Amino acid sequence: MGRAFDSVANLPSGTISVTTAVIISFNDVSGERLRRQDLITSTNNTSFNAYLDVVLQAFYPRQCFHVLQCQKLFRQRVLSIFLNLKSYVLPFPLLDGRVVDLPLQLADLTQYYVLPASDESTTTINTISSQQTTARSVTSSTVTTSTTTCHPSSGSSWQENGTTIFGDPAGTSGSDLMHLTTPYALYYDSMNTAYIIAEFGNRRVLKFSVTNPSSPGTVIAGDSVNSCGTTSFKTPTGASLDSAGQLYVTDASCNRLVRFPANSNSATAGTDISTSLNSPQALSIDPRTNDIYVVSSGDNVVYKFTGGNGSPTVVAGSGSSGSTTSDLKSPAGVYFDYSYTNSLYVSDTGNYRVLKYPSNSVQGAAGTVVAGGNGNGNGLNQIGTPRGVIVDSSGDVYVVDRTYARILRWTVGANNSALVAGTTSGTAANQLKFVTSVIFSPQGDLVVADTNNHRIQLFSLSIC
C-alpha cells in the first residue's frame, strides 16, 4: 500500500510506508470499523461510503541523513505534495487477490516529527484522513492509478507545439463563455480541478474545467461593466484563491485588491481589501498562512497582506524607481515559492530581470538577481519584458518574456537561460503573442496565458 502512495505522489519507491490503515464503513446511519479481512465479504461488486484513516511515515533520502536543512526541505516537499493532490485514486489490495479502487479526497492533514536517537532517517510522520466517496470492486489483480504527477526540475522538457485547452486556437477573441479576450492571470484550482483566468478584455474572472475543457467556462467574478463597483472591474490583472476558496483579484485601474467569497458568480459583490495600491499587477498567495503578495507597478514595491487582511507591509523594493538590487522599476510579476525554496520572486520589468528575496524580506532589502539583468534583448542571457514567474523543484526559475513571446528557464546560478516554450510572435502551435502568465499543471505540463492570442496553451511534458 505504501508503494501505491509513492506512485500517486511521484516519490521514489520506498519513500512512504504505511504505519496504520483503518477503513471505517458507513452503512445507512451506523458506522463500523472494517479490518482488511472483512472487506472480502463487504465489497462483492457493491459500493459503500467510507473513511480511510492512514498514518504514513516518509523516509528521508540518504543524502539528507544528519543534514537538517535537507530534512526540512524534504518535509516541506512531502507535505506540499499531499496538500496539493487533494483527490486521487488509490488501489487497495484485498487478501483474496482482488483490488478495491478507492477514489480518495483529502479531508485533513496533520503532522508531527519524531527524532529517533539511533536513526534520523525517519523523522517525518504524517497523519492523513482521506474521505472515500464510493469504493468499487476491481476484478483485475493490478490497477493503474488515474493520476500521474510530475514535479518539474532541471531535467524536465516539454513538447515544442502547444495545444489550445481554452479559447480559439486561431487566436480570435470573443466575449461568450467559450472564448477569451486578453487573458492575463492564470491559476490552478486544485480543489475543483479547474483553471481560473483573469480576463483583461472582458473584465471578468472565468473558471473552466480541467477534465472537460471543451465545456463552457463559468464566470466567478465580474459583470463585464467597466467600473470600480463591487461587482465590476476595469482592468483585472491578477487572480488567486486562498485556502478557504476565497477569490482575490487585483484591479489595476482601480488601484485595489478585491476579495470574493467562495462559490461566487458574476453578480457576487466583492470586498475591497485595499484601494491604494497604485496599479497592482500580479498576486501570489501562500496557502499555509493565506499571506497575500501583491506587486505594485506604480509604487515600485511588493506589498504583503498578512493573513489576507489589514494594512500591507512592503517586503520588496525601496519605494523609489531604481536599478540597484534594493530597488524595483515598474515590477509586474510576483511568486511566493512555499514548496521548495521558501522565497519570494519578483519580475522587475523595467530592469529586465527577476529578483529573489528571503521569506522575511523587508522594504529596501537587497534582492538577488536570478534571471536576466543584462538589459533588454532576445539573447538567452536577457529578458525583454518579464512578467509571470514560477519555480520548479530544483529551484530553477521560469520567466515569461512578453516582448519576445517566449518562456525561459534559468537554472540556479546560471548566466544564460534555456528556451522552453515559444519561438517568435505568432498564432502557430509553437508560437505565443504577448504572453503574461505560466503555471505547471498537476502532471507537470506548462500551461500558458497566451494573452494576445486570446487562448490558454498547454505544452505537454516530454521528460519529467
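**Contacts, strands and disulfides in a predicted model**

The backbone oxygen of Asn278 lies 2.9 Å from a polar atom of the Ser296 side chain, a polar contact being a pair of N or O atoms within 3.5 Å in which, within protein, one atom must be able to donate a hydrogen and the other to accept it, and residues adjacent in sequence count only if both atoms are side-chain atoms. The structure is a predicted model, in which local features need pLDDT of at least 70 and side-chain atom pairs count only at pLDDT 80 or more, while totals for chains, interfaces and linings use all residues. Residues are numbered from 1 along each chain as its sequence is written, and side-chain values use heavy atoms, with hydrogens and water left out.

The side chain of Ser296 also reaches the backbone nitrogen of Asp299, at 3.1 Å. Ser296 is found in strand S19, which covers residues 291–296. Helices (H or I, at least four residues) and strands (E, at least two) are DSSP runs, numbered from the N terminus. With a relative accessible area of 0%, Ser296 is buried; buried means under 20% relative accessible area, exposed over 50%, and partly exposed in between (1.4 Å probe, protein chains only). When neighbours within four places in sequence are left aside, Ser296 is in contact with Leu277, Asn278, Ser279, Pro280, Val301, Tyr303 and Pro331, contact meaning heavy atoms within 4.5 Å.

The protein chain as a whole contains three helices and 33 strands. Of its 464 residues, 53% count as buried. Among contacts between residues at least 6 apart in sequence, 53% join residues at least 24 apart. The accessible surface of the chain comes to about 18,800 Å², and 48% of this belongs to carbon and sulfur atoms; accessible areas come from the Shrake-Rupley method with a 1.4 Å probe, and for residues only the protein chains shown count as cover.

Strand S26, residues 386–391, is mostly covered, with six of its six residues buried. S26 pairs with strand S27 (residues 397–401) in the antiparallel sense over four bridges, where two strands pair if DSSP finds at least two bridges between them. Within this pairing, Val389 stands opposite Val399 in S27. The two strands, S26 and S27, form a hairpin with five residues between them, and Gly395 in the turn has a positive phi of about 85 degrees.

A search of the whole structure finds two disulfides, a disulfide being a pair of cysteine sulfur atoms within 2.5 Å. One is formed by Cys150 and Cys464, whose sulfur atoms are 2.0 Å apart. This pair links distant parts of the chain, 314 residues apart: Cys150 is in the loop between strand S7 (136–138) and strand S8 (157–158), and Cys464 is in the segment after strand S33 (461–463). The torsion about the S-S bond of Cys150 and Cys464 is about 95 degrees, so the disulfide is right-handed. Cys150 is buried at a relative accessible area of 6%, whereas Cys464 is partly exposed at 40%.

Cys228 and Cys254 also form a disulfide, with their sulfur atoms 1.9 Å apart. Cys228 lies in the loop between strand S13 (218–221) and strand S14 (236–241), and Cys254 in the loop between strand S15 (247–251) and strand S16 (256–260), so the pair ties together parts that are 26 residues apart in sequence. The torsion about the S-S bond of Cys228 and Cys254 is about -90 degrees, and the disulfide is therefore left-handed. Cys228 is partly exposed, with a relative accessible area of 39%, while Cys254, at 10%, counts as buried.
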